Amino acid sequence: MIEDLAFIGQIAVKSSIAVLLATLGEIVAERSGILNLGVEGMMLAGALCAAAAGMATGNPLIAVAAGTLAGGLLALVHGFFAVTLRVNQVLSGLALTLLGMGLTSFLGRPLIGTAPGVRLRALPLPGLADIPVVGDIFFRQSVLAYLAYLLVPLCWILLFRTGTGLKIRAAGEDAAAVDAAGIDVFRIRYLCTFAGGLGAGLAGAYLSLSYTPGWKESMTGGQGWVAIAMVIFATWNPLRAVVGAFLFGGLTALQFYFQAVGVEIVPAYILKMLPYLLTIVVMVLVNIGPGRRFGGPAALGIPFNREG
Amino acid sequence: MTISPPPALALQDISKRFGEVHANRGVNWTLRAGRIYALLGENGAGKSTLMSILAGRYQPDQGDILRQGRPVRFLSPAQALAAGIGMVYQRFMLVAPLTVAENILLRRGPIHLRGTREIRRIRELAERYGLAVNPRATVGTLSMGERQRVEILKLLYRRAKILIFDEPTAVLTHAEIENLFTVFRQLKNEGKTVVFITHKLEEVMAVADEIAVMRRGRMVSQLAAADVRSRHDLARLMVGREVILSVDKPPVAVGESVLQVRGLTGPGESPRPTFRDIAFDVRQGEILAITGVAGNGQEDLAAALAGLVRLTGGTLRFQERTFTAAQWRRRPSDRIAYIPEDRHRTGSVDAFSLVENFMLTRLDVFGTSLLVDRRRAAQATAEAVARFGIQGGGLRSQAGHLSGGNLQKLILARELSRRPALLIAEQPTQGLDIRATEDIWQALLRQRATAAVLLITGDLKEALSLADRIAVMFRGRILDIVSARDDGDIDRIKLLMAGLEDR
Amino acid sequence: MAWRIEKRSASFARSPAWVFPVSLAMAVAVGAGIFAALGVNPLTAYGVMLKGAAGSFFHVSEVVVRAIPLMLTGLAVALAATMLLWNIGCEGQLVWGGILAAGTGLYLAPHLPPFLVLPAVVAAGAVGGALWGLIPGLLKAYLAVNEILSSLLLNYIAIIVMEHLYFGPWRNPEGYGFPGTAQIAEAARIPHYFGTRIHLGLVLALVLAMVLYGALRLTRWGYRVRAIGLNPRAARYAGFGIRSQIVGVMLLSGALAGLAGMAEVSGIHYRLQQGLAVGYGYDGIIVAWLARLNPLAVPFVALLLGFLIVGGEQLQSVLHLPASISVVLEAVLLFGLLLSESLARYRLVRRETGRAVPAAGEEGA
């Protein structure tokens, strides 16, 4: 029984890392006032580029960097449209998702079915991994999972304990006031959009290097969208993003568990829906929960234009 | 021969265009240190644009700015501030969820604010200028007056030498206005330059050293305050014609009570409902003004009576029928007309034509159960346009192109055409020039013949000019209802607006 | 020198007519760049697309066949967007339309009088989509749940349900393991025209485009939809019941998308199978916005996208380029639209980057 729990927990954590990384990135972007619905596309780009770079070089570092950067570069496209051209951010984000889906499907065709060049296997952390149950669950994961653990508090410190974070949050609340204080709103928003893309790219890299190594078309399976929903659940707070991501991972793990055990208590297709259903339920709960503390950055999705 | 120092700031031949609109044309103006300047003009005269150019928010299409005799060019507010020029906008540039200190120190990126030197400097500045505000308070919880003090502190903290204020008194109580003027004088004594935009001639007379008047983008007059003999002179300069500063209020027979409310209470946001225990009567043939400084609950009260905000308690008697708070949802809404405060965002649809806007609250009239009747709506709109002298485009042009005054007339015409028994008018002339204000006032007075009028206004002059009785609201409650006919009550109203009950 | 963006016109102004051709030109240019980067002569590539999509009557008819579901999902997105609602869930609504239409054709048709079968199939498609659109509508109206995310996540659920059906309980017992249901009854198939695969769905889509156009402009309901879309505050002020309006519009929007699924099942596949959810729901977003939410423009834009899709497939079979190039081109088309809309609204202004000269000394006084 304990083994089962550790097994489920380990897979739950494993299945939650991509959503967690993408959620963290999107939180940073949205805190600065930029809504980027292109997460799914950026994740796909990250996954493909990481897989391709891995096959080309065999170097895990280069593979991770390539995937991360691919997400960031795609985010800059959104940055240009949302910040400089001040277009509707929903449409621009959707176009970005489409671009990511199209480009990866188009360019990734030759990679389908080829052996992955880099596999980031579980790396038990000495000492910590031997803690019963907890060690199995959290400390027998890929190195990118440990990076995600680190990024959670780092993002929180960045947003809530540094001057840069103050400027980011201010830009997301009232761009005109930030501008009047002599701070470059455009720069902040570009950087945060880029950071959001890096998070999504890294999430994609995790999928294609560690979670299910190798490239498959549409391998994100909607996790980018789940991440965007989890931002709302997390009330734009990196620490709470962990909860949402683990919930998602937990349901995914249950599915694997029942498959592995071979019992069908709940039909498989119902289990398959659960993560998506849960995400919707979570969005409902946020809205009917006691006292909506924080409804999101006030200037989210609103372009800044000094003259007008 | 004495060599006078170069002026603190000189504007030479400044022009600025927005699309087809010439906001500023060839403006020349000189500002000296240690003086207080009042900038006057009707809406759309180009005052705010000119000040925004000074503060680096806009760039002029043409012309030069000289700071102490040397040409400067500001590409951003930051650069203007670096040159000692700062502005307090009408819409405060503060980030509501952050604290006062965080707002002031935003650019420096403070990490830990507790007990630092910066906080001490903010406190010192606040004390020196009489700008009492707690540096650790969250801006969102502050009153408008306190927020303004934060804005001033922000500029002083950044060592601004020239401070520009866009209609600074619009959101203040009378006591706060007096305070602000004291701050102005203090700044002046320290050799700083103060510029403020205003519509209120009394304020000009009270505090300004120099007066400049703009009309249609041009600087039409500059004079010393000492040379002004009367408010009429100033008004004439602003409008370019003789204006009436008081309205005739022909007596109208007062009829039956139209609306009677008792114990009315609004939705309960913390720490208290936005309004509570509201009781008043308003009868046909009279105007009841509800006045108060912005943010004291009168906005929600108006919206609640119009059915846009939920009532949580109390009873209402409208004409012959009695309603509980919950039943007010089923009020006879066709007999209640409401002119909302925000004419662009609430009262109209920018992208709709005049005709379509005229249908907005009258969809039931201009159409069958299924289709809309555009022809009848167009006819009615044309009549309204002619009767109210609405200018600025044909019936098919977009309402967003209308000026504030013309749009307000369109909304008023629409609401009056519903022949309401009760007319709720909220800040009906806010931001309008003298001419449009007169027209709106006359229309409201005429409406007394057929309706009871509830006038929600923060402008005491408007309340006194139009109303028969004035209810003063403070922190969600009506402190008292006084007769508008008795001149002796004016001072008392001012005290009540500041929350000073004399009982 | 530096560039800066300056407002050209008010935000409520309509965008000029050149926006669409310019965005199209941009998409063509970017597409050419991609082909060139892949070592394919852009002229050859576009030649293949043109020939493959417009080279013969049959090819043109295939473009129309692809355009039919795009017209319906385009109308669905346009209707919702007119009221500021983002229906990103057309894919799922289309799937549910297909599921109910197939179910009706498979299991209900034998028990119905023949003349009722086709109307029942069409109605089932609309109902299926409407119910799936109702969910995000209700969530938005009564619980303020973001409809972009809820409608999108429901797509995944709809597809899982569909797969479960044709892999499981509805699988064709004589299908030799092929994932899909049995064929629907003859009577449940919508008629075809001109000896091509063009079917009744085209008539339906064109009629609905005109009906929707008229309804938005001439009816009180349409007036409310437009008013809410342009200024929800003013609509609330005018006393329009926004909640019920949201629910109604999402219901209708879902029904339109559901009809697309019905038309695919009853006009093309004759069964529920893989290949029903191929992205028409997402393409509808592009169709709607390229048509600037004008229902009458939707069919034309849908034809353009149909052309892209068929052309992309030709590229795959002739030049062995993946057909998903059409998705890339769609995305570029949307970005092109956004870019030209932005240029219509703002203009780039060249300005001197003079350094500000801060006042050096303290003022005398």
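Two strands pair if DSSP finds at least two bridges between them. Keep that in mind for chain B. There, strand 3 and strand 9, residues 210–215, are joined by 5 bridges and run parallel.

A word of caution before going on. This is a predicted model.

Let's stay with strand 3 of chain B. It has a second partner. That is strand 8 of chain B, residues 193–197, and the pairing is again parallel, over 4 bridges. So much for the pairings; now for a single residue. In strand 9, the bridge partner of B:Leu39 is B:Ala212.

Next, the surroundings of that strand. B:Ile36, B:Ala38 and B:Leu40 point one way from the strand. B:Tyr37, B:Leu39 and B:Gly41 point the other way. Both sets are buried.

Now chain A. How many helices and strands does chain A have? There are 12 helices and 0 strands. Read along the sequence, the pattern of chain A is α-α-α-α-α-α-α-α-α-α-α-α.

What about its dimensions? The C-alpha trace of chain A spans about 65 × 50 × 40 Å along its principal axes. Chain A has 308 residues, and a compact globule with that number would have a radius of gyration near 19 Å. Chain A has 19 Å, which agrees.

The inside of chain A comes next. Buried residues make up 58% of its 308 residues. Then the contacts. Take those in chain A between residues at least 6 apart in sequence: 80% of them join residues at least 24 apart.

Last, chain C against chain A. Here 34 residues of chain C are in contact with 38 residues of chain A. Where on chain C do they come from? By class, the side of chain C that touches chain A has 25 nonpolar, 5 polar and 4 charged residues.

Notes: Residues are numbered from 1 along each chain as its sequence is written. Chains are lettered from A and ligands numbered from 1 in the order in which they are written. This is a predicted model: local features need pLDDT of at least 70, side-chain atom pairs count only at pLDDT 80 or more; totals for chains, interfaces and linings use all residues. Two residues are in contact if their C-beta atoms, placed from the backbone, lie within 7 Å. Ala, Val, Leu, Ile, Met, Phe, Trp, Tyr, Cys and Pro count as nonpolar, Asp, Glu, Lys and Arg as charged, and the others, Gly among them, as polar. Helices (H or I, at least four residues) and strands (E, at least two) are DSSP runs, numbered from the N terminus. The radius of gyration is taken over C-alpha atoms; the globule rule is 2.2 Å times the number of residues to the power 0.38. A residue is buried if 20 or more other C-beta atoms lie within 10 Å of its own, exposed if 12 or fewer, and partly exposed in between; C-beta atoms are placed from the backbone.
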